[in-house]
Amino acid sequence: MDSQVNYMPVASSLNWDEYFMLQAMIASFKSKDPNTKVGCVFVDDNNHQLSMGYNGQIAGIDESKIPWGNVKSVPLDQQKYAYVVHSEANAILHAKADLAGSRCYVTLFPCHECAKMMATVKIKEVVFLSDKYNGSVENQIAKKIFDMSQIKYRELKLKPSIVTDLSNYFHSIL
Ligand SMILES: [Zn+2]
């Protein structure tokens, strides 16, 4: 018998960026928001996950009395914007570890309110999937906050083959 029979070249299907962005996407899938689902994960330099979050209602309140609609022609207290806690805020609020120096993988570029919190806890990098509000005032403020805080940000494009590979894999284990 060949003594080398069990030795073979192997490789992970995902790099770290892909792995954590998929985690952020899974987190977003948990959101009840019918229009915008956002998820994020914070990781350290050793690629260990520190915290995760998705956009949701205030913990512990009766959600049936809170609006999920995004129509802005009604007063603010009847819009979701008055109540929703963003994914990054949830992840920061529920983190069990210090987030200083961490990277944040997030499915949507952070808003300026979350940027304030991310800068305050001194994260070092934001990796985002979508920047659909690029150019808006809030988006520009978020980028200004990151720039002033020396927080890097970069877009991650997931190869379409990842979704196909993942789908095939899931089907194979179900
Ligand atoms: Zn936000």
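Where is Gly-135 found? In this predicted model, in which local features need pLDDT of at least 70, side-chain atom pairs count only at pLDDT 80 or more, and totals for chains, interfaces and linings use all residues, Gly-135 sits in the loop between β4 and α4. Residues are numbered from 1 along each chain as its sequence is written. Helices (H or I, at least four residues) and strands (E, at least two) are DSSP runs, numbered from the N terminus.

The chain holds 5 helices and 5 strands, and their order along the sequence is α-β-β-α-β-α-β-α-β-α. A box of roughly 75 × 40 × 30 Å, taken along the principal axes, is filled by the C-alpha atoms of the chain. Burial was judged from C-beta atoms placed from the backbone: a residue is buried if 20 or more other C-beta atoms lie within 10 Å of its own, exposed if 12 or fewer, and partly exposed in between. By that count, 26% of the 174 residues of the chain are buried. Two residues are in contact if their C-beta atoms, placed from the backbone, lie within 7 Å. Among the contacts in the chain with a separation of 6 or more, 62% come from residues 24 or more positions apart.

The interior comes next. A nonpolar core is a set of buried Ala, Val, Leu, Ile, Met, Phe, Trp, Tyr and Cys residues joined through C-beta atoms within 7 Å. The largest such core has 31 residues, and Ala-24, Cys-40, Val-41, Phe-42, Cys-104, Tyr-105 and Val-106 have the most contacts inside it. At least two residues of this core are supplied by each of α1 (16-29), β1 (39-43), β2 (49-54), α2 (87-93), β3 (103-108), α3 (112-120), β4 (125-130) and α4 (137-148).

Helices α3 and α4 form a pair worth a look. Their axes come within 8 Å and cross at roughly 10°, where axes are lines fitted to C-alpha atoms, for helices over the stretch in contact, and angles run from 0 to 180 degrees between N-to-C directions. The two helices are therefore roughly parallel to each other; angles under 35 degrees count as roughly parallel, over 145 as roughly antiparallel, 65 to 115 as roughly perpendicular and the rest as oblique. On the α3 side the contact is made by His-112, Ala-115, Lys-116 and Ala-119, and on the α4 side by Glu-138, Ile-141, Ala-142, Ile-145 and Phe-146. These residues divide into 6 nonpolar, 1 polar and 2 charged, with Ala, Val, Leu, Ile, Met, Phe, Trp, Tyr, Cys and Pro counted as nonpolar, Asp, Glu, Lys and Arg as charged, and the others, Gly among them, as polar. An α-helix has 3.6 residues a turn, so residues three or four places apart point the same way. Within α4, Ile-141 is partly exposed, with 15 other C-beta atoms within 10 Å. The C-alpha atoms of Ile-141 and Ala-115 are 8.5 Å apart, although 26 residues separate them along the chain.

Several loop residues complete the account. Most residues other than glycine have a negative phi, and most peptide bonds are trans. Lys-122, in the loop between α3 and β4, has a positive phi of about 65° although it is not a glycine, and with 14 C-beta neighbours inside 10 Å Lys-122 counts as partly exposed. Gln-150, in the loop between α4 and β5 (152-155), likewise has a positive phi, of about 55°; Gln-150 is exposed, with 10 other C-beta atoms within 10 Å. Gly-135 is exposed too, with 7 C-beta neighbours inside 10 Å, and its C-alpha atom lies 23 Å from that of Thr-120, 15 residues away along the chain. Asn-35, in the loop between α1 and β1, counts as exposed with 9 C-beta neighbours inside 10 Å. The C-alpha atoms of Asn-35 and Gly-69 are separated by 8.1 Å, with the two residues 34 residues apart along the chain.
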